[in-house]
Amino acid sequence: MAHISIIYTVPFMILFVGIIYGFAINSENKLEENFIIPHYTHYEELQQLFNSLVQKYPNLAKVFSIGKSVEGRNLLVLEISENVKERKLCEPMVKYVANMHGDEAVGRELLVYLAQYLLYNYGKDERITKLINNTDIYLMPSMNPDGFEKSEEGKCESKKDFSGRENANHVDLNRNFPDQFDRRTNHLQKGGNILDGRQNETVAMMTWIATEPFVLSGNLHGGAVVASYPYDSGSLTSCCTESKSPDDELFKYLAHTYADNHPQMRTGRACESDVFQGGVINGAYWYEVIGGMQDFNYARSNAFEITFELSCCKYPNASEMPEYWKLNKESLITYFEQAHIGIKGLVRDIDGQPIEGATIIVHGINHNVSSTNHGEYWRLLLPGTYYIHAEAWGYRPSEPINVIVKSGEPTIVNFTLKQDNYDQGELKSDKVEEIIKSIDKYGFLHSTEFKHHNYIAMEKYLKELNLNYPNITRLYSIGQSIKKRQLYVMEITENPGKHSKNKPEIKYIGNMHGNEVVGREILLLLLKYLCENFGNDKRVTKILKNVRLHVMPSMNPDGYEISKEGDVDGIQGRTNAKGVDLNRNFPDQYETNNYNKKQEIETKAVMNWIASIPFVLSANFHGGALVANYPYDNKPEYAANGENPSPDDKVFKALALAYSNAHPRMHLGEPCPSFSNGRLNSESNMLEKSFPNGITNGAAWYSVNGGMQDYNYIHSNDFEITIEVGCTKFPNVTELPNYWLQNREPLLRLIEMSRKGIHGVVRSSIGNPIPHAKISIEGIKHDIYAANDGDYWRLLVPGKYNVTVNAVGYESQMQTVTISNGVNFGEGEVTLDFTLMRDDPEHWSSAYDFRLMANLQNVYLKNAELSARFSQLESHQPNIAEFLAGESLINMAIHSLKVTNNIGAPEENKFHIGLIGGLFASQPIGREILLRLATHILMGNQIGDPPIERILNNSVLHFIPGIDPGFDNIFNMQDCNPIVYDEIGKKLLQKNIVNSNKLNKITNAFKTMLLNEGYDVIIILGSGALEVSYTDDNLNVYENLAKNYEHSLRKGTCNFLNNDIKEVQNYIKNTI
C-alpha cells in the first residue's frame, strides 16, 4: 500500500517558508557614499539639503532650529531616528555639534556627510540600521554659521582679529558658558539669571542642553588631531596639570573609542610638534579653557561630552574632505554606539507612574544623573560592579543594590520609590467630610449577593457593570448559542476597546459544560471585584493597567438553563442544545470523529474569537474535580498510556502550579469524595483520583479528543489550561462564598503569569511593524507569531534562551536572553525587540534556489504552458528527465515528468515518489510548486548538489503537476476560492464512471496510474487549509515527517475549511 502525505498550502507559501532567511546584508563596499564630494556646504545650501533629506525620509529625519545666530541665521539641527516623530522610551539621545569656531570647518562638513550616510544606508547596513533604531541622533553642523561665512577656505590658522573663529559679536563661543570652577563666568547679577549677558548661540545651546536628556555628545573642532576630555578647567596652572572629573576613567575610555579608530589620531603625532599619548588628553593638562561647552554638558546635565580636534589645518581645501571622511567615519559611528553602555532604566512610584527629577547615585563616583519626565535615566559606566540607588524629593530612597555592568548592551535597572509619609497638616473645614469605604472579607466595596445567575440575570449583571464602570469595561458578544442567547464577553482593562502592544491578551471562559457552574459564578464575581478595586487596590490597579482581560462567564448558556442546582456529577445540561459536548467539538491534532467533524455554532464562535485576538494565556473553568489540567489532553491511538507532554511542558506546569499553589485545597491533590448516589466505575476512577501538587497532564488523567485547551495551543499563540474548580458540578448557592474565597487569589495569580517570559515588537529596518513574524525558541518545538502591530508575547520559565525571529521577505535574527526568577508581577519578564532587515527575492534565489529567476515568476500557467515548461526540462537534461505525454493512453490523458539518475536503467530498487498537483482545478498552487521543484532538482543535479544527487541515485520522482484540465476555465484569478464543477478530485470518489467524456477518461487514467505505477509514497499538494495530513504506518515515519513539515508552516485558521484532499487521501489509502 502506498503511503500518502497531503500538503495543504496557500499560493507560494511552501516555496518560500523556512528557506528565505539568512541572506547576508550588503557588505561595506556596497554602501552608498556617492555624496562624499570635495565640497563645503554653506548656509543656504545646508538648509536646502536638510529639507530635502526630511522630504525623502519623513519617518527617519526631522530638521529644526534651536535658535538664531547674532546675524539671524538658524542654528540648524537634523534629528535622525527610526520613528523621528516620537522617541521610544529609554532610547538614548546623542548629539554632535560642529563649527563652534566658524573657521574650523572639517567637523561641519563631516556632519553633512554623516547625515546622508546614515539615512542613505538605513535598511541596507545592519550596523547603521541598529544604531538608528536604538538611538535618537542629533547633528548640528554649525553652531557658529555667522563665523563660517566670514572664514576662508584654505586658511589653516585663525585670522589675526579672530573674525570667523568668533561669532558676529567677536565672542569666542567656547569661552562663553558658565564654568563650574570660575564663578565670574556665571554672570549672576542681583535679580538676573545665568543666561543674562550671553551670546545668542550660547543661550540657545544652554537651553537645548538643559531641556533635553542627552546622554552622549561630541564637540568637533580643528587645529589639532586629538580627543580632549573634561575637565577643561579647575587646575591651579594654565597647563600641564590634569583636572580630573569624577568619571575620569570613563572619559578616557570614550576618548580612546574615537582616537583608537582614527588612523592618525591614535598615533598622537598627526600634527607637527604635537605629541598626545594614544591620541587623547585631559583638557586642562593641554591648556585651560574657562567657560567651555564640554564641561558645561557634564556639570549641568546628564550628557558626557568630549571635544574632538579633527585636523591640523582649520579650514583645509575642499579637495581634502573625502580623505577626512575616510579617517573619521568609523570613529564617528563607534563613538555614538557608546550611548548603549552602562545602565539605564525607569524610576517609578508604586503605582507605576514616572518620577521626574529622581537622582541616580553610583556610590564612589561623585557625579549623578537625573530622570526625565518619563522617569527614564541613562548612566554611562565601564564594565564592573557598582553599588547604586535612586532618590527623589518626596520619596524614600531606594535600597542600594549591587549591579554588574557588562560590556556591550546596557544593564536594565528599574527603581520603584515609595512616597514619604510626612505631615502635610490638617485640613480644617466643616464642609468637607472624608468617607473611607471598608473592604469586606470577600474583597468587595459594595454588598454582594452570592447567587446563581441564569441567562437573564447574568445579562443584567454584565450590563450594569459596564454602565457603572465604562472607563475600564467593554461588553461585547462573540456570537450566539443554538437558542440565540448571546455569548457575552466582558473586556476589563484600563482604556478598553483596542489591542495594546504593551498589554498581553488573556481570556477566562466558564460554563463550557452547562451544568458545571462554579466557573460561571466566580468569573462574574471576579469582574465585580476588579471593577470595585481598580484605583483603590494597588495590585488590582496594576493588573488592569498592564493586561487586557476578556471574561466569558458562559460558553454554553443553553445548557445552563436546563441544569439543576444540587447536581453533583450528572450530565443534564452538560451539552449544548443539540446534545454536543463542546469540549469534544474542536478540531483535534490526532483524531477527527463524529464528535468534532463538524463544529457547533458555539465552537465556531470561540474559534473565530481565538483567531481575531492574539491571546497569550487563558483558562477554561470546569467542575467535577479539583485540579489544574494542562496539555496535551490526548495522544495518538498507538501511544502507550500515560502523559503526553507538549513542547512547552515546563511552562504549562508552571501555569498549573501557579493556580494550584494559590488555592487553599487544590495543591493538596486530594481526590474528590465518593458521593452517596454513587458514580459509574469508570467515572469514579477518573474523578476520585489523587493529583500530586494539584496538577495533571490531561492525557495522563484521561483522554479528551477535540478539547479546547489543546486547540488553543496548536492553532494560536494561546497557552490554555483547564481548571476543575470543585468536586460538585452545580453546588448549592450557600457554597458560592467559599468557592469565591478559594479561587480569588488563584484567579489573580494566573493573570499575573501572563507577563512571564519575553515580549516585544518585531519591526522592519525602517520601523514598520512586521505582522505574523515567527518567534522560535531553540529547543522548544512550538512557535508563536507576532500580531498585526508586530508585537508578541511568549511565555517562558526562567532560564537562558536563544530566540529567533523569521518573517517572509526578511532576514532572520537571533538573540540570546536570560529570564530571571521572580514571583511578583513584572518579575521574570524581559522585553526583547527585533529589527529585521529586508530580504529580496533575487538574493534569496541566489542563496537557496541556484538563482533560478524563472522560479520567481508571479504567474499561473495555463495547461499548455505548463506542459511546455515540463517538456523543456527533459530537453535540458535528457539523461535524468523523461517527459511522458503521449506514449500511452494514460500519458496522453495525464502528462508527467519522471526524474532519476540513469533514465532507462532498472528502477525496481529505487524508491518511487508520486508528486501530485492540480488534482482539483480550483487548487492550482500544487501545479506551480511542482514546476519550481522540478526545475530546482534538475539544476541541483547539473551543478552537482550532493543532497539532490543522493535523492536521484536512490529514488524516482514522478511529477504529475496538472491532472484537472479545468483550471483553464477559471477566468477570475483574484478569487481565492473559485467554484469549479466536475473537478477530477471529486470525480475520483464517484463509482462506476463511464468513459463518456474527456473528464471521465482523465479520472479513469489517474486511477489506473495509481494502481499500476507502484508508488511507494504519494505527496499531494492542495490548498484551502494550512495543515499536513498523513496515513498511518507502524513506525510513525510519515507522522514525524508530516509534523516536521507542518512545524514550518505559519499557523492560521482558514475561514473556509477544505476537506476535499483528505477525502482523496482516504480513497487512495483504501484503494491501493
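This is a predicted model: local features need pLDDT of at least 70, side-chain atom pairs count only at pLDDT 80 or more; totals for chains, interfaces and linings use all residues.
Visitor: Is Glu309 buried or exposed, and in which strand is its place?

Guide: A residue counts as buried when its relative accessible area is under 20%. Glu309 has a relative accessible area of 7%, and is therefore buried. Its place in the chain, residues 304-311, is strand 9.

Visitor: Which backbone nitrogen lies 3.3 Å from a polar atom of the side chain of Glu309?

Guide: Leaving aside neighbours within four places in sequence, Glu309 is in contact with His221, Gly222, Gly223, Ala224, Val225 and Val226, and also with Met265 and Trp286. One of these contacts involves a polar atom of the Glu309 side chain, and the backbone nitrogen lying 3.3 Å from that atom belongs to Gly222.

Visitor: What is the relative accessibility of Glu724, and where is this residue found?

Guide: Glu724 is found in strand 25, which covers residues 719-726. With the cut-off for a buried residue set at under 20%, Glu724 counts as buried, because its relative accessibility is 8%.

Visitor: Which residue has its backbone nitrogen 3.3 Å from a polar atom of the side chain of Glu724?

Guide: When residues up to four places away in sequence are not counted, Glu724 touches His622, Gly623, Gly624, Ala625, Leu626 and Val627, together with Met666 and Trp701. Among these, the residue whose backbone nitrogen lies 3.3 Å from a polar atom of the Glu724 side chain is Gly623.

Visitor: What kind of aromatic pair do Tyr508 and Phe621 form?

Guide: The structure holds 42 aromatic pairs. In the pair of Tyr508 and Phe621, the ring centres are 5.1 Å apart and the planes stand at 90°, an arrangement that is edge-to-face.

Visitor: How many residues apart in sequence are the parts that this pair of Tyr508 and Phe621 ties together?

Guide: Both Tyr508 and Phe621 are buried. Tyr508 lies in strand 20 (residues 505-510) and Phe621 in strand 22 (residues 615-622), so the parts tied together by the pair are separated in sequence by 113 residues.

Visitor: What is the angle between the planes of Tyr713 and Phe719?

Guide: Tyr713 is buried, with a relative accessible area of 0%, and Phe719 is buried with a relative accessible area of 0%. Their ring centres are 5.4 Å apart, and the pair is edge-to-face because the angle between the planes is 75°.

Visitor: What distance separates the centres of domain 2 and domain 5?

Guide: The chain is divided into five parts, among them domain 2 (343-419) and domain 5 (859-1049). Taken over C-alpha atoms, the distance between the centres of domain 2 and domain 5 is 64 Å.

How values were computed: Residues are numbered from 1 along each chain as its sequence is written. Side-chain values use heavy atoms; hydrogens and water are left out. Helices (H or I, at least four residues) and strands (E, at least two) are DSSP runs, numbered from the N terminus. Buried means under 20% relative accessible area, exposed over 50%, partly exposed in between (1.4 Å probe, protein chains only). Contact means heavy atoms within 4.5 Å. A polar contact is a pair of N or O atoms within 3.5 Å; within protein, one must be able to donate a hydrogen and the other to accept it, and residues adjacent in sequence count only if both atoms are side-chain atoms. Domain bounds come from an automatic or database domain assignment. Rings of Phe, Tyr and Trp (its six-membered ring) pair if their centres lie within 6.5 Å; planes under 30 degrees apart count as stacked, over 60 as edge-to-face and the rest as tilted.
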